Amino acid sequence: MLRALVTGVSSGIGAAIALELLESGYHVTGLSRRRPDIPAAHSEPFDWVQADLGDLASLEVLARGLPVPRVFVYAAGFMQTGALGELDPRDLAGMLAVHLQAPSLWLNELAPAMERGSRVVLIGSRTMAGVSGKSQYLATKSALVGLSRSWAIELADRAITCNVVAPGLTDTPMMVDRRRAGVPPQVLPLGALVDPRDVAARVGFLTGDRGKSITSQVLTICGGASLKG
């Protein structure tokens with residue numbers, strides 16, 4: 001049985017990735033605080049586990065009790081915004097826990113037992129290079145690149161790939177989350193927010209047969225935002 005473990009499946013990108021992998025024949029275990037709405041046609045090979053990705057103590061216990069997957073996708077995340085003079089260290093601590101400490105905890109537990117040819121994908125952000133008002137969020141997302149590249153080196157001898165998929169502004173509930181009120185979304189050059197299914201399709205490629213030669217990379221899906229620099 002092909003197994004995948006996906007975090008942040010309650011909505012948005014994580015939910016789209018879970019569905020993409022289900023349609024590719026994986027038995028998916030999804031982690032999130034809220035139960036996702038998985039179509040009935042795919043409900044049988046899907047297991048939902050309620051989890052708070054910021055509660056590191058409970059995650060460590062949980063990680064030891066779940067089957068080791070062939071595909072691990074870390075898509076959980078949230079955004080707190082704020083300009084200099086308004087930054088709250090508690091916001092940074094929360095995002096560090098969810099964006100960095102949690103995936104480190106999971107892969108530290110899973111990697112030694114993952115089979116040859118397994119895949120790891122971390123969901124970053126197109127704006128990792130820096131955007132006004134998002135310094136804390138982007139600091140935690142940017143660090144995923146260093147994690148991914150280091151892990152790719154460590155896992156290469158078992159042909160396990162590790163990559164970052166970096167979406168731009170995506171049509172998800174995060175776009176209307178009150179925690180990002182200080183930085184409203186902008187219109188992208190292609191005229192629409194990124195479709196979560198397009199992000200999921202990129203993850204599907206990386207975790208499929210034709211993704212085996214790609215590792216230690218950042219793959220960007222930006223709706224043309226990179227055209228502006």
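Helix α1 passes α5 in a right-handed crossing, a crossing being right-handed if the near helix is turned clockwise from the far one by less than a right angle, and left-handed if anticlockwise. The model is predicted, with local features needing pLDDT of at least 70 and side-chain atom pairs counting only at pLDDT 80 or more, while totals for chains, interfaces and linings use all residues. Residues are numbered from 1 along each chain as its sequence is written, and side-chain values use heavy atoms, with hydrogens and water left out.

The axes of α1 and α5, 8 Å apart, meet at an angle of about 45°, which makes α1 oblique to α5 (under 35 degrees is roughly parallel, over 145 roughly antiparallel, 65 to 115 roughly perpendicular, the rest oblique). Contact means heavy atoms within 4.5 Å, and the two sides are tabulated here.

| Helix | Residues of the helix | Residues in the contact |
|---|---|---|
| α1 | 12-23 | G12, I13, A16, I17, E20, L21 |
| α5 | 196-207 | P196, R197, V199, A200, A201, V203, G204, T207 |

By class, this contact of α1 with α5 has nine nonpolar, three polar and two charged residues.

A search of the whole structure finds one aromatic pair: F72 and Y74, 6.4 Å centre to centre with 55° between the planes, are tilted (centres within 6.5 Å; under 30 degrees stacked, over 60 edge-to-face, the rest tilted). Both F72 and Y74 are buried, that is, under 20% relative accessible area, where exposed is over 50% and partly exposed in between, with a 1.4 Å probe and protein chains only.

S148, in helix α4 (residues 135-155), counts as buried because its relative accessibility is 1%. Leaving aside neighbours within four places in sequence, S148 is in contact with L122, C162, N163 and V164.

Note on methods: Axes are lines fitted to C-alpha atoms, for helices over the stretch in contact, and angles run from 0 to 180 degrees between N-to-C directions. Helices (H or I, at least four residues) and strands (E, at least two) are DSSP runs, numbered from the N terminus. Ala, Val, Leu, Ile, Met, Phe, Trp, Tyr, Cys and Pro count as nonpolar, Asp, Glu, Lys and Arg as charged, and the others, Gly among them, as polar. Rings of Phe, Tyr and Trp (its six-membered ring) pair if their centres lie within 6.5 Å; planes under 30 degrees apart count as stacked, over 60 as edge-to-face and the rest as tilted.
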